[in-house]
Amino acid sequence: MKLDLHVHTTASDGSVKPARVARMAAAAGIGVLAVADHDTIGGIAEASAEAPPSLRVVPAIEISCAVGELNIHLLGYFVDPAHPGLVAHSRRVIELREARMRTMIELLAGMGIPVEYDAVRLEAGAEAVLGRPHLARTLVATGAVPTVGRAFELYLADRAPAWVPVEAVDLEEAAAIVHAAGGIAVWAHPSADALDARIDAFREQGLDGVECIRARATPMEVERGLAATRARSLIPTGGSDWHGTWHGRLGDFTVGAEQIPEFVELLEARIPPV
């Protein structure tokens, strides 16, 4: 069984609609797909409705967190998309990200690069949670930059001239939101050094697992992450962090069930195969 436990859709900053993501995953032979959009559960229902019997869709979310000056992401798996706390978090973040986007546009205007908010919203789609990739693609469309990568390099990467940090909840609050919605809280794509330095403290703050198996991690980093995670009786997971075709084809990177049996045990109990 092939799993991909970290995929984005147009509900946040992915480029493919949730229904098509589900069809693409099934066509690629993926048996378990986690739709984990940034701070929203907006794509889960559509992906689940489109999924054939061969594909199990895990309801998930990726929450932006702050730990002091460190920004991290927390994946929540098996969450109830209708839980009031999760819905309230998503609504709050939508408002914050809209305000952030307007501030980034103002910064670009100050550099002589005019961008209309409505153009960014059109690029993103009416229901999407706004993120930097939407602004980057708008800059490409207006001819301000040749590529999305160049937009980030010049203006939008962390601490670049038009960057504005996301106003994030703290880790303990994010984990509490996930737990209240019935889910497990998993640290997304930690660096090896951050994992070593923070895993014990994060475990005390509600961490249930770590995303160890990732497309851009070296084999040594994967093994190091798995060892640290299992030594603390935490749950290892893995996924592609796929946002669209610029990341390659969906299904090019997957995780085998034998690599993460702890997660699969939970999966079989919570979302048994049809």
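Let's start at helix H1, whose buried residues are covered by elements that include strand S1 (2–7), strand S2 (32–35) and helix H2 (44–50). Helices (H or I, at least four residues) and strands (E, at least two) are DSSP runs, numbered from the N terminus, and buried means under 20% relative accessible area, with exposed over 50% and partly exposed in between (1.4 Å probe, protein chains only). Covering is judged by contact, that is, heavy atoms within 4.5 Å. The model is a predicted one, in which local features need pLDDT of at least 70 and side-chain atom pairs count only at pLDDT 80 or more, while totals for chains, interfaces and linings use all residues. Residues are numbered from 1 along each chain as its sequence is written, and side-chain values use heavy atoms, with hydrogens and water left out.

Back to H1, which spans residues 18–27: its buried residues are Pro18, Ala19, Val21, Ala22 and Ala25. Viewed along the axis of H1, they sit within an arc of 160 degrees and so line one face of the helix; the arc is that of the directions from the helix axis to the C-beta atoms. As background, an α-helix has 3.6 residues a turn, so residues three or four places apart point the same way.

Now for the nonpolar interior. A nonpolar core here is a set of buried Ala, Val, Leu, Ile, Met, Phe, Trp, Tyr and Cys residues joined through side-chain atoms within 4.5 Å. The largest one has 67 residues, and Leu3, Tyr77 and Phe263 have the most contacts inside it. Strand S3 (residues 56–67) gives this core its largest share, 7 residues. In soluble globular proteins, nonpolar side chains tend to be buried together.

Next, follow the chain to helix H5 (132–141). H5 is mostly covered, with 8 of its 10 residues buried: Arg132, Pro133, His134, Leu135, Ala136, Arg137, Thr138 and Leu139. Their cover includes H3, helix H4 (117–124) and H6. Which residues does leucine 135 contact, leaving aside its neighbours within four places in sequence? They are Met101, Met104, Ile105, Leu108, Val115, Val120 and Leu156. Leucine 135 is buried, at a relative accessible area of 0%. Its C-alpha atom and that of leucine 107, 28 residues apart along the chain, are separated by 12 Å. H5 is followed by glycine 143, whose phi is positive, near 85 degrees.

How do two of these helices pack? Two packed helices are described by the angle between their axes and the distance between the axes. The axes of H3 and H5 come within 11 Å and cross at roughly 35 degrees; such axes are lines fitted to C-alpha atoms, for helices over the stretch in contact, and angles run from 0 to 180 degrees between N-to-C directions. On the H3 side the contact is made by Arg100, Met101, Met104, Ile105 and Leu108, and on the H5 side by Arg132, Leu135 and Leu139.

Helix H6 (residues 148–156) has Ala151, Tyr155 and Leu156 as its buried residues. These cover an arc of only 60 degrees around the axis, which puts them on the same side of H6. Helix H3 (84–110) and H5 are among the elements that cover them.

Two loops are worth a look for their backbone angles. Phenylalanine 78, in the loop between strand S4 (70–77) and H3, has a phi near 65 degrees, a positive value in a residue other than glycine. Phenylalanine 78 is buried, with a relative accessible area of 8%. Histidine 189, in the loop between strand S6 (184–187) and helix H8 (192–204), also has a positive phi, near 30 degrees. Histidine 189 is partly exposed, with a relative accessible area of 31%.

Finally, the cysteines. A search of the whole structure finds 0 disulfides, a disulfide being a pair of cysteine sulfur atoms within 2.5 Å. For cysteine 65, the nearest cysteine sulfur is that of cysteine 212, 17 Å away. Cysteine 65 is buried, at 1% relative accessible area, and cysteine 212 counts as buried too, at 2%.
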